[in-house]
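Student: Could we go through this model together, one feature at a time?
Tutor: Gladly, here it is.

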Amino acid sequence: MRLIYHFIFAFILLYPLGLLAQGTPFIDTYLKEDYDGGQANRGFVMDKTGMLHIANSKGLLSFDGTRFSLVPLSNKTPVLSIAVDDNNIILAGGQGEFGYFLPDDKGALKYRSLKNLLPDEHLEFSDIRHIAVENGKAYFKSLQRVFVWDVGTENMKVLQNSSTLEFLGNTAGKIWVDDQSKGIRTLEGDTYSKVKGGEIFADKEVTCVLELGDKLLLGTWSRGFYKLEGDSISNWQTTADAKLKGLGIKTAVPDLNGGLVVGTISGGILFLDKEGNEIQYYSQENGLRSNAVQALLFDALGNLWVGTENGFHYLRMGEPFRYISPDLRQVPYGYAVKVFNGVPYFATSQGLYKHDSNGFSRVPGGEGLCWNLSEWDGRLFLHKHFGLFEVKSSGVVPVRASGPGSWLLKDWKNGYLEGTYFGLVYHPVSGEEEEFRLNESCRIFEMEGDDVWISHVYKGVFKVSGTDGKFKDFKRYDSKDGFPSDIGINLSKIDEQIVFTTERGIYFYDKETDRMLPHENLNAVFGEDCQLTRLVDDGFGRLWYVENKEVGYVDATSLLTKGEWEKIPLPPLKGRLIENFEYIYPYSKERVLFGSESGFIAYFPEEKTAPILPKARITEIMVGVNLDSLLFGGYFMKNGTPSMEQSRLPEISFRDNNLKFRLASDDFSRGDGIMYSTKLDGFDRDWLDWTDSPERSITQLPAGNYLFWVKAKRKGEEAGEAVSYAFRIKAPWYATNLAKLMYFLFALFLIYLIWWIPRDRHEKETRNLQERQKEQLESREKEYERRVKESEEELVRLRTEKLESEVKFKNSELASSTMALVQKGEILLKIKEELSKITNLESEKAIRDGIRKIIRTIEKDFRLDDDWDSFEQYFDQVHTDFIKRLREKFPQLTPKDYRLCAYLRMNLSSKEIATLLNITTRSVEVSRYRLRKKLDLDSSVNLVDFIMDV
């Protein structure tokens with residue numbers, strides 16, 4: 001944060017008005033911690049845009065009034081000299097380096113070295129400590145060479161010198177060079193010219209050259225000033241010669257009043273008038289951080305920049321304010337001022353001071369904390385922490401030296417009324433004083449008839465009633481009586497009416513209702529929610545106010561000229577008065593004093609000349625989602641040189657259309673009271689409200705062309721010239737010409753689809769109809785085929801059923817044949833049994849009957865043999881020629897084997913087969929075994945399964 005030092009110095013004249021006309025201007029001090037650069041500052045230039053550039057020991061330091069930026073030289077050495085040409089090109093010299101600063105395509109300053117234009121034999125040189133520009137040429141001086149560059153070209157000349165060059169500068173349309181052995185000469189192009197009598201400077205080391213009125217002054221290191229008038233050179237006598245010769249002249253510039261300001265190498269700065277009389281002197285003892293002054297520059301507002309070896313200063317000479325302090329060593333708080341019998345007295349935190357023909361002095365007996373000064377009946381009273389005192393020619397004498405501290409007194413009844421730490425004390429002209437003890441501080445009070453109104457910082461307001469100097473009672477008024485709150489209430493007497501300032505508006509006492517009511521007239525001037533802490537009627541048609549540390553006045557005379565009250569703030573005073581002890585002393589219409597933490601501040605309204613309206617400036621524009629991309633660095637370029645006009649329209653991608661505009665003005669007075677109003681054509685309908693913020697951010701702008709405007713003004717004044725910056729937000733990808741072409745083609749495609757879809761639908765419907773007809777035809781064909789197939793299947797089914805019936809019939813017959821065979825076996829068994837029985841018969845007749853029975857059984861068995869043939873025939877029909885295939889495949893088998901295979905095919909058991917073959921079961925097993933051998937079957941193969949697969 002910028003450090004502000006309020007150092008006080010004044011050469012005071014003999015009379016009060018003269019005293020108040022003198023003093024020290026406000027001084028802003030900048031240290032390296034404030035601008036993040038090097039400590040030493042050796043040169044200033046102001047370019048055409050109003051930007052200040054400083055030759056800093058870390059590089060080129062630029063300042064727009066709110067922000068600093070630093071650009072180093074290519075070899076990172078200190079910038080020792082600086083100049084600016086007519087094309088706004090900033091020239092700089094350093095240690096073994098020189099060149100210039102030019103904006104890049106985005107308007108940000110970049111350094112470009114000129115060493116590449118030098119021949120190899122001149123690449124090594126000493127410091128470039130002086131630069132001059134004349135007639136389109138830039139002159140860079142080292143110890144024994146001058147480099148002459150045709151600005152903006154590749155043309156560079158080197159002027160070699162046999163002896164040391166002490167100085168190079170330009171004024172009166174000439175380049176002046178101080179040669180250690182030849183004295184002062186002029187340089188025209190690349191030719192040196194003698195100056196008549198210039199050899200007297202051969203041993204004097206010229207440090208500066210300037211025009212002062214009709215004479216040309218040359219300052220020397222230790223011999224003072226010389227003047228050149230025509231062909232005559234002589235010493236210019238000043239009242240400060242002894243001081244100048246001892247301190248060493250480093251630089252000098254003309255001031256705006258026809259005099260000059262001299263910067264010294266070891267003693268600060270001196271102000272001289274045009275006759276050479278010393279006016280003021282500033283050094284480390286009274287305002288500067290360093291006595292080693294390196295550079296001086298007056299800006300357009302008449303304020304002075306002072307570069308030193310330890311930071312730089314801004315002396316606000318052009319403002320109608322001056323600091324006055326009676327004690328430069330202690331710089332006490334200033335609480336009150338009173339001009340009494342033509343002598344100004346100052347009540348401070350360090351005692352009471354006065355100013356007379358001997359200057360400032362402390363009044364005897366006035367030591368300690370002094371709160372106030374009051375005048376009554378031709379007497380001057382001093383209010384101290386230890387009581388009430390009277391100021392006499394011999395010193396301060398006590399009136400009431402014991403008891404509570406004293407604040408102020410006012411004329412009341414036949415005597416005066418004093419406010420103390422604990423209440424009121426009435427001092428009659430004759431008789432005993434009377435104390436009305438409230439146990440409350442009575443620092444601010446006013447009388448209204450027999451009533452005394454007292455304000456308290458956090459307890460409201462008290463009304464003390466009395467008659468003939470006798471106090472009767474008192475009443476407290478606070479929020480329950482109409483005030484917006486109990487705290488922050490103060491009182492003033494405006495045009496014989498007591499009014500109360502509060503945290504929200506101004507009030508007055510209404511006797512009929514015994515309540516506090518809003519003061520419509522004053523609230524109309526200051527606002528219904530104004531937060532005034534002090535209001536003073538100066539008796540000259542002005543109401544002075546303090547609101548939120550802002551100080552100003554309301555000019556009643558504007559009612560005659562403008563038909564309205566004009567509220568005029570004084571931004572330079574903001575925050576400089578003592579909080580809660582704001583003191584305003586309107587000594588006259590032309591002189592107003594304020595108490596401050598650094599003595600007193602004098603304001604001279606009549607010295608406030610017609611203001612130079614501040615011109616706004618756009619110093620930087622950042623864009624991007626994170627606002628981290630530089631769009632504009634403060635400078636325009638045209639034809640390779642800086643320009644005041646914009647020559648190209650930058651384009652910003654749609655995704656980066658977040659913008660932050662950083663603003664400034666050409667008023668460097670700490671930004672006091674500078675306000676900005678902006679308007680974005682194409683986005684804002686009108687100018688935005690005034691704000692003290694030097695930035696404006698805008699996000700998510702639609703695509704299109706825009707023109708950003710900004711204007712600046714000081715509070716209470718008119719706006720200066722507005723400046724603008726044009727830019728374009730590119731359309732997003734979906735709104736580019738290519739995208740539009742794609743949309744057009746897509747629209748054509750849609751039109752085509754609109755035409756093609758019905759046509760295609762008709763064709764599809766036609767095809768679908770045809771396909772449906774075809775499908776119907778195919779369906780009918782398929783239905784026909786299905787029915788044919790079903791008919792065929794039905795026929796097959798019927799045939800199958802018929803065959804199955806036949807098979808069933810054959811099976812039935814086969815079963816019958818099988819049963820016949822079984823029966824035959826049974827018959828043979830019966831024959832055997834019958835024969836066994838016959839063998840046991842003895843009767844022939846019985847034997848014959850038995851034989852006949854056997855014959856009938858055999859006849860029946862013959863019929864069964866016929867059944868086997870039938871069985872074989874039926875078996876092959878049922879089992880698809882099984883026996884036939886068996887005979888073809890296995891011809892080696894016997895008929896009995898075929899019969900066994902047939903029975904196995906029928907899956908008959910061994911017992912059933914034994915019966916059919918009329919053999920034992922064991923014989924069947926033997927027959928099966930033999931059959932396996934004949935068939936050559938492996939033991940793992942099942943015989944029945946094999947027979948089934950044949």
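Predicted model: local features only at pLDDT ≥ 70, side-chain atom pairs only at ≥ 80, totals over all residues.

Tutor: Residues are numbered from 1 along each chain as its sequence is written, and side-chain values use heavy atoms, with hydrogens and water left out.

Student: How many salt bridges does the count come to?
Tutor: Side chains of opposite charge can pair when their charged atoms come close. The rule here asks for a side-chain nitrogen of Lys or Arg within 4 Å of a carboxyl oxygen of Asp or Glu. By that rule, the number of salt bridges is 35.

Student: How far apart are the closest N and O atoms of Arg 129 and Asp 127?
Tutor: Take the surroundings first, with buried meaning under 20% relative accessible area, exposed over 50%, and partly exposed in between (1.4 Å probe, protein chains only). Arg 129 is partly exposed at 41%, and Asp 127 is partly exposed at 23%. The two form a salt bridge, and their closest N and O atoms are separated by 3.3 Å.

Student: Are Arg 542 and Asp 538 buried or exposed?
Tutor: These side chains also meet in a salt bridge, at 2.7 Å from N to O. As for their setting, both Arg 542 and Asp 538 are buried.

Student: Which helices does the salt bridge between Asp 897 and Lys 934 tie together?
Tutor: The side chains of Asp 897 and Lys 934 meet at 2.6 Å, N to O. Asp 897 is buried, with a relative accessible area of 7%, whereas Lys 934 is partly exposed at 33%. Helices here are DSSP runs (H or I, at least four residues), as strands are (E, at least two), numbered from the N terminus. Because the partners sit in separate elements, the pair ties together parts 37 residues apart in sequence, namely helix 9 (residues 895–905) and helix 11 (residues 921–935).

Student: Why is helix 9 said to be largely enclosed by the rest of the structure, and how many of its residues are buried?
Tutor: The buried residues of helix 9 include Asp 897, Tyr 898, Leu 900 and Cys 901. Just after helix 9, Asn 907 takes a positive phi of about 65°. The helix counts as largely enclosed because, of its 11 residues, the number buried is 8.

Student: Within what arc do the buried residues of helix 8 fall?
Tutor: In helix 8 (residues 882–889), the buried residues are Phe 882, Ile 883 and Leu 886. The arc is that of the directions from the helix axis to the C-beta atoms. Seen down that axis, the buried residues line one face of the helix, because they fall within an arc of 95°.

Student: What is the phi of Asp 36?
Tutor: Asp 36 is in the loop between helix 2 (32–35) and strand 3 (41–46). Asp 36 counts as exposed, at 66% relative accessibility. Its phi is positive in a residue other than glycine, near 55°.

Student: And what is the phi of Glu 496?
Tutor: Glu 496 lies in the loop between strand 47 (490–494) and strand 48 (497–501). At 64% relative accessibility, Glu 496 counts as exposed. Here too the residue is not glycine and phi is positive, near 70°.

Student: How far apart in space are Met 46 and Phe 298, C-alpha to C-alpha?
Tutor: Met 46 belongs to strand 3 and is partly exposed, at 25% relative accessibility. Met 46 and Phe 298 are 252 residues apart in sequence, yet their C-alpha distance is 9.4 Å.

Student: What separation do the C-alpha atoms of Lys 470 and Pro 732 have?
Tutor: Lys 470 is in strand 46 (residues 470–477) and counts as exposed, at 52% relative accessibility. Along the chain, Lys 470 and Pro 732 are 262 residues apart, and their C-alpha atoms are separated by 85 Å.
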